[in-house]
Amino acid sequence: MSDCPKLDELPPEIFHLILGFLPHSDLSNVAAVCRKLNTAATCPKFWQQFQFIHTDPTKLKYLMKMGRFSQVKSLVVKRSVKRTMWSQVGPKLGLAVLKTVVEKLEELDLSGVDLSNKQVACLFDIISKSPQTVLKKLRIFCKFDFIPAEMFGRSLCRLEEVDLGYHRVKESHQQSLFENMGEGKSRIMKLVFHDNISQNLDPLLVANALKNLSELSVFSLSKSQTLILFEEFAKSLSLKELTMDNKNLKHVPSDVLTKVVLGLEKVVLFDHLTDEQTVALFGKMAANKSASRLRNIRLDGAGMGKVKPTIFATALTRVEEVDISYSNLSPLHKNALFDQMAKKSQITKLNMMSINLACVPAATLAKATLGLVEAELSYTHLNSEQVNVVFEQLAGRKEKQLTLLNLVGNNLRSISPDALAEGFNSLEITNLNDTRIDGEQVKALLDVMVKKTRLTKIKMDFSDVCQYEDTLVAAVRKKGVHFIIEEEDE
């Protein structure tokens, strides 16, 4: 034992490699040991991903001056139903501190803080007057009425990613933003605009502002604004991702809409397409054997039921990420999709939440599901045979491709404790809430988890694991598994 080197006697490259695996709480403990370890443990590269949300907002001005935080690039305080220290104290954050944050950080998400008018005014003033803006991403949920419209548009166009939340934005401010975006000097590449775009705005102005974005999330536009925007997209498309909750999509010609969608990488259109548009889109997706840009699609609505089952299945299995949750599909469509997935499919992530899958043969369902990387099958009414076959195959597989499987709302009580334990511990993320598992299954699951698991995150009902909270659950958490049993564990 005397021949073993002490921690501070290790070669620097080995010592730094070890420190790189430690969470920030442990790094703080190492830094308190001695001066030499303090120098190593406070190296800025180990603190780049530090989240200030876990700190006291009143201490932020002191933390920002510490060397270890010199390479931190973001401050993210997302909106939450739970009251946090940031949501309570954040509105009192000093303007000088806010100025330092804006001038030093690249990403600022204060959606979880109800900023005061003075703070918002200070924020826009700093962005508009700064000679060289460091800030690239801004997400704030607040009112902007008191900000001069011209400053509002000019300031936001100095950023790359903008999310304005759910508060209503006045027409004059929208006008200023879109005018500045359309002048060619705007840096905005991603815009999240939850408010309705004013129907009084010139459709050409709106289209000219939005057509050169890479990512766009927008709610309602007028009929004319929608038509002209899609005409511009069809001419030349630089957009990669589009999320649009817009009832006026139904007015876009089917050929134009299809051309735009197939030119995107990700599209979320909810249930606003007509039957004709949906049939045309799926027909083109199924017939398009050449490489398509489309990698991620989110759709629902009755229109998919009008597509022939074989075309429906062929089209979706040519996309990598598919979300058709809550859709009302016929048994023919569901069986066609899983049949095709079991044979040949490009789908890696599938969300079919709240779709009754009891009609799908157990063997087909298992083969298709185990060929995925992520499967969201919560509230899908799986029967006993289906869940047993899935877990028999999951437990027996040597190649562990599936990393996420959610079966919330499905009855898993019929699965043998050993198969359930081995199956879930072969995943990385899962949610067992409302799965009706019994005490024997819970004990087997936790026993295996303590010994060997791939899980990094698991969520379970408190009533299922309360008796093990200080024993097996505590042991699992020591292994680094994020074990969620109550809201505060989120």
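**Group meeting: a walk through one predicted chain**

Okay, let's start with charge: the mean positions of the 64 positive and 58 negative charges of the chain are 4 Å apart. For that count, Lys and Arg are positive and Asp and Glu are negative, while His and the chain ends are left out. Each charge is placed at NZ of Lys, CZ of Arg, CG of Asp or CD of Glu.

Before I go on, this is a predicted model, where local features need pLDDT of at least 70 and side-chain atom pairs count only at pLDDT 80 or more, while totals for chains, interfaces and linings use all residues. Residues are numbered from 1 along each chain as its sequence is written, and side-chain values use heavy atoms, with hydrogens and water left out.

Now the overall picture. The C-alpha atoms of the chain fill a box of roughly 70 × 65 × 40 Å, taken along the principal axes. How many helices and strands are in the chain? There are 21 helices and 16 strands. Both are DSSP runs numbered from the N terminus: helices are H or I with at least four residues, strands are E with at least two.

The chain has 490 residues, and 49% of them count as buried. Buried here means under 20% relative accessible area, exposed means over 50%, and partly exposed is in between, with a 1.4 Å probe and protein chains only. As for surface, the chain exposes about 23800 Å², and carbon and sulfur atoms supply 51% of that. Those areas come from the Shrake-Rupley method with a 1.4 Å probe, and for residues only the protein chains shown count as cover.

Next, contacts, meaning heavy atoms within 4.5 Å. Take the contacts in the chain with a separation of 6 or more: residues 24 or more positions apart account for 70% of them.

Let's zoom in on one helix. Helix α10 runs over residues 203-210 and is mostly covered, with six of its eight residues buried. Which ones are the buried residues of α10? They are P203, L205, V206, A207, A209 and L210. These buried residues pack against α9 (171-182), β5 (190-193), β6 (215-218) and α11 (223-235). At the N-terminal end, α10 is capped by D202, which has a side-chain oxygen 3.0 Å from the backbone nitrogen of L204.

On to salt bridges. The rule is a side-chain nitrogen of Lys or Arg within 4 Å of a carboxyl oxygen of Asp or Glu, and by that rule the count comes to 19.

Here are three of them. In one, the side chains of D56 and K59 meet at 3.6 Å, N to O. D56 is partly exposed at 26% relative accessibility, and K59 is partly exposed too, at 42%.

Another joins D109 and R139, with the closest N and O atoms 3.3 Å apart. This pair links distant parts of the chain, 30 residues apart: D109 sits in strand β2 (residues 107-109) and R139 in strand β3 (residues 137-139). Is D109 buried or exposed? At 4% relative accessibility, D109 counts as buried, whereas R139, at 26%, is partly exposed. There's also a network of salt bridges here, linking D109, R139 and D163.

In the third, R154 pairs with E150, and their closest N and O atoms are 2.7 Å apart. Both lie in helix α8 (residues 149-156), four residues apart, which is about one turn of the helix. R154 is partly exposed at 31%, and so is E150 at 46%.

Now for some backbone angles. Most residues other than glycine have a negative phi, and most peptide bonds are trans. With that in mind, look at Y326: its phi is near 70°, a positive value in a residue other than glycine. Y326 is in the loop between β10 (321-323) and α15 (331-343), and at a relative accessible area of 54% Y326 is exposed. D434 also has a positive phi, near 55°. Where does D434 lie? D434 is in the loop between β14 (429-431) and α19 (439-451), and D434 is partly exposed at 37%.

Last stop, N351. This residue is in strand β11 (residues 349-351), and N351 is buried, with a relative accessible area of 18%. What is N351 in contact with, leaving aside its neighbours within four places in sequence? The partners are V322, D323, I324, S325 and E376.

How values were computed. A polar contact is a pair of N or O atoms within 3.5 Å; within protein, one must be able to donate a hydrogen and the other to accept it, and residues adjacent in sequence count only if both atoms are side-chain atoms.
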